[in-house]
Amino acid sequence: MEIRAAERLGHLPVYLFDRLDADKAAVQARGVDVISLGQGDPDEGTPPDIIAELARTAIEPANHHYPSFKGMPEYLQAIADFYRDNFGVALEPGPEILSLIGSKSGVGRLPLALVNPGEVILCPDPCYPAYIPGMILADARIQYMPLLEKNQFLPDLTQIPSKVARRAKLMLLNYPNNPTAAVATQDFLKDVVQFARKYEIIVAYDAPYNMMVFDDEKPLSFLQIPGAKEIGVEFHSMSKLFNMTGWRCAWVAGNRHVIDALSRLISNVDMGIFKPIQFAAMKALKNGTVFIQKMNRLYQERRDAVVNGLKELGWRVLPSRGTFFVWLPVPAKDKESIPFALELLQKTGVLITPGRGFGEHGEGYLRIALTVNVERLRDAVRRIKEAGYIYNPSQSD
Ligand SMILES: Cc1ncc(COP(=O)(O)O)c(C=O)c1O
């Protein structure tokens, strides 16, 4: 018998990192020590006290049962306290916070819970690629909002035709932004709330990096903007906060009607987070400030090493004020991002993500993930220099 997958799978994009992994494996097979600045997965481990809490609570048989998909009340309370302490935002743990097995799972499924076939979703371009499948599976009409350098990679809301805005059900936003590393201003977010109210659009604000900001930048939550809770929700996660990407522990907070719709979907298709992971997350959220500051200093040092190193080679590098990414124009004028990144990988063993993989408006850019140590980052810059990727600042871009 021939097994044929459903046709809808044919509509899904190829996941960007699968292709990069294949290219990386081919170069590694030649014996090259690849420096991977591709995927945004923290290299430092989860802090030992969080692991100890997991181990302590994992011994208890009472914690081995099916967990509620909603999240333990104590876990939800720890999230509410985190929002109160960091952003001055008041949230009611039950109706206004829902646990998720990763913000990817929540933000990816939201269109299925909210959007009818043919309704419009406003989505940034470039964006985190995992937004796309959920919108396609919901048969939504995707209207991209270009993130342009001249607008600090914030969408220009005035460029969205009112006809489109009136048909839009949902707007996805993500700051600090993957892949552009841009941060949002309070003024921009106020405009978003006003726009969403005017056109009755739900805002899904994806904020897994919102504590990861540098220089004089302050962490910002969408929910601290007046009126945000009336129109939207914020997705957040333990993944990047405490180097817990493999643990699958996250949440969505904000508008209770949006959360109710998502929880009706999730209760049918998912389980909750393993209870010992929730206990460990509670501990992290309660005592994590010092660790978060330490990681921010580390990423800032890495960012400076990359930015300064590449600038010395004549590359134009954009000032990254948040996330652990650096976003930069392809330095060779005559090359698009994919051929440039593939050639760089072949010649230097340094893997950088081509911006095109994040959308049409990512073309012309590259993304570097700061998820290797500073010595290895300097080694990457040295290899790039030795391979002759040196430009006149006026030529690059
Ligand atoms: C913008 C953005 N949202 C969501 C996620 C997924 O995070 P989680 O591990 O919570 O699923 C990522 C991970 O890279 C991301 O960059």
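A: Met72 counts as buried, because 20 C-beta neighbours lie inside 10 Å of this residue, and 20 is the number from which a residue is called buried. In the predicted model, Met72 is found in the loop between α2 (48-58) and α3 (73-87). When neighbours within four places in sequence are left aside, Met72 is in contact with Lys275 and Gln278.

Strand β5, residues 168-174, is largely enclosed by the rest of the structure, because seven of its seven residues are buried. Strand β3 (residues 120-125) runs parallel to β5 and is joined to it by three bridges, with Val120 having Ala168 of β5 as its bridge partner. Strand β6 (residues 202-206) is likewise parallel to β5, and here five bridges join the two strands, with Leu172 standing opposite Ala204 in β6. Between β5 and β6 the chain passes through helix α8, residues 186-199, in a β-α-β crossover that is right-handed.

The ligand, finally, is surrounded by 13 residues, of which the closest are Gly102, Ser103, Lys104, Ser237 and Ser239. Sorted by class, this shell has eight polar, three nonpolar and two charged residues.

Terms used
Residues numbered from 1 in each chain as written. Predicted model: local features only at pLDDT ≥ 70, side-chain atom pairs only at ≥ 80, totals over all residues. Near = placed C-beta within 6 Å. Nonpolar A, V, L, I, M, F, W, Y, C, P; charged D, E, K, R; others polar. Helix = DSSP H or I, 4+ residues; strand = E, 2+ residues; numbered from the N terminus. Buried ≥ 20, exposed ≤ 12 C-beta atoms within 10 Å, placed from the backbone. Contact = placed C-beta atoms within 7 Å. Pairing = 2+ DSSP bridges. Right-handed = clockwise from strand over helix to strand, strands pointing away.
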